[in-house]
Amino acid sequence: MKNRVPLVAILLVILVIQPAFAWWEEGHQLINRTAALKVPDSMPSFIRKAAERIAYLGPEPDRWRERSEFSLKNSQEPDHYIDLERVSDIPELPPGRYDFYRLLYAKRVAAKEHGDDFLPEKVGTQPYITMEIYDRLKVAFREYRRLQQQKLPTEGVEQNIALYAGWLGHYVADGSNPLHTTIHYNGWAGDNPSGYTTSKELHGDFEGRLVVRTLDQMEIASLIRAPVRLQDPWHDYIEYLRDSNKLVEKTYQLEKAGGLKDAGTPESRDFLRQRLAAGAQMLLNLWYTAWEESAKPLPPRTPPPAGGN
């Protein structure tokens with residue numbers, strides 16, 4: 001048959017689009033559960049009581065990545081990562097998703113080669129989905145305060161808060177994984193003078209198999225400090241991602257030293273524990289900031305432009 005696609009080509013396509021799942025189910029649940037149990041007394045106590053629900057929601061966005069739900073998978077795939085090397089020439093990323101798209105399309109037009117590397121779906125949109133869910137959580141906290149003040153039932157909004165808190169936890173946890181901030185997400189890409197692995201098993205070895213094999217050693221609660229109110233959540237979250245990106249080469253060095261095999265090494269296990277704790281700490285900080293910010297009165301609404309919606 002003339003139009004038959006070679007089996008090898010089909011397999012190559014499958015390998016290329018195979019998603020990488022940060023921290024797998026075990027790591028995501030650990031991060032969310034730890035953060036929920038560390039919520040301070042100044043925040044609503046039902047959050048601690050909902051720790052298992054929030055933990056269950058940690059891996060939820062990875063459940064949306066099956067090919068059987070194409071529209072869902074396609075629409076949210078880039079939300080799990082950002083290749084910071086592709087935007088390293090931009091000191092301050094714009095906080096608006098569509099401003100970011102315009103910036104990337106301009107870089108694509110200006111590129112002399114490999115322009116498609118700057119498509120939003122190639123670069124990733126990780127901080128944008130994170131801040132969008134953070135804002136949802138802040139709105140839900142505001143509604144909770146309103147209902148409490150009016151002595152009305154809060155059960156419905158409590159369910160929303162648990163949903164947004166758990167959903168937010170997924171992307172914050174993704175950001176603590178250096179391999180979700182880089183073009184080197186699954187094997188070193190491009191020039192490789194240090195001889196780092198190019199294996200397509202690296203991603204799963206670090207964030208999944210090593211986590212599963214050492215989960216009983218991943219006690220991270222003792223590493224979590226009292227939450228702090230972020231003065232600029234967008235800027236602070238971008239810095240968090242950049243800090244994670246600085247550890248990409250360290251991840252490869254650990255792999256090269258055999259730190260991702262079997263139960264790893266003391267150094268690789270400590271590195272893994274620190275990254276999981278970093279995710280739980282930032283998540284707790286964002287929850288706390290959303291709670292504190294929700295107490296602020298809303299500014300007056302700007303009327304829509306004439307003829308607008």
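Modeller: Before we start: a residue is called buried when its relative accessible area is under 20%, and exposed when that area is over 50%. Also keep in mind that this is a predicted model.

Biologist: Fine. Is Arg 97 buried or exposed?

Modeller: Arg 97 sits in helix H6, which covers residues 97-110. Its relative accessible area comes out at 15%. The cut-off for that class is under 20%, so Arg 97 is buried.

Biologist: Which residues is Arg 97 in contact with, leaving aside its neighbours within four places in sequence?

Modeller: Contact here means heavy atoms within 4.5 Å. With the neighbours within four places in sequence set aside, the partners of Arg 97 are Asp 79, Thr 125, Tyr 128, Ile 129 and Glu 132.

Biologist: Let's move on to H9 and H11. Is H9 parallel or oblique to H11?

Modeller: Two packed helices are described by the angle between their axes and the distance between them. The axes of H9 (residues 155-176) and H11 come within 8 Å of each other and cross at roughly 40°. Roughly parallel would need an angle under 35 degrees, so H9 is to H11 oblique.

Biologist: How many charged residues are in the contact of H9 with H11?

Modeller: On the H9 side you have Tyr 171, Val 172, Gly 175 and Ser 176, and they meet Tyr 237, Tyr 240, Leu 241 and Ser 244 of H11. Sorted by class, that contact has five nonpolar residues, three polar ones, and for charged residues, none.

Biologist: Leu 241 is on that list. How far apart in space are Leu 241 and Gly 175, C-alpha to C-alpha?

Modeller: Leu 241 belongs to helix H11, and at 1% relative accessibility it counts as buried. Gly 175 is among its contacts, along with Ile 82, Leu 84, Gln 126, Pro 127 and Thr 181. In sequence Leu 241 and Gly 175 are 66 residues apart, while C-alpha to C-alpha the separation is 5.8 Å.

Biologist: And Leu 168, what is its relative accessible area?

Modeller: Leu 168 is another residue of helix H9. Leu 168 is buried, and its relative accessible area is 0%.

Biologist: Which helix gives the most to the lining of the second largest pocket?

Modeller: That pocket holds about 230 Å³ of space. Its lining has 15 residues, and those nearest the centre are Arg 225, Tyr 240, Ala 278, Gln 281 and Met 282. Two elements, H11 (233-245) and H13 (266-293), each give two or more residues to that lining. With seven residues, the one giving the most is H13.

Biologist: What about His 114: is it buried or exposed?

Modeller: His 114 lies in the loop between H6 and H7 (120-123), and it has a positive phi of about 55° although it isn't a glycine. Its relative accessibility is 56%. Exposed needs over 50%, so His 114 counts as exposed.

Biologist: Last one: what is the phi of Asp 262?

Modeller: You'll find Asp 262 in the loop between H12 (248-256) and H13. At 62% relative accessibility, Asp 262 is exposed. It isn't a glycine, yet its phi is positive, at about 50°.

Note on methods. Residues numbered from 1 in each chain as written. Predicted model: local features only at pLDDT ≥ 70, side-chain atom pairs only at ≥ 80, totals over all residues. Heavy atoms only, no water. 1 Å grid on protein atoms, 1.4 Å probe; cavity = no way out; pocket = protein on both sides within 12 Å on 5 of 7 lines; lining within 4 Å. Points joined across faces, edges and corners; volume = space filled by probe spheres on them. Helix = DSSP H or I, 4+ residues; strand = E, 2+ residues; numbered from the N terminus. Buried < 20%, exposed > 50% of the residue type's maximum accessible area, 1.4 Å probe, protein only. Axes fitted to C-alpha atoms, helices over the stretch in contact; angles between N-to-C directions. Parallel < 35°, antiparallel > 145°, perpendicular 65-115°, else oblique. Nonpolar A, V, L, I, M, F, W, Y, C, P; charged D, E, K, R; others polar.
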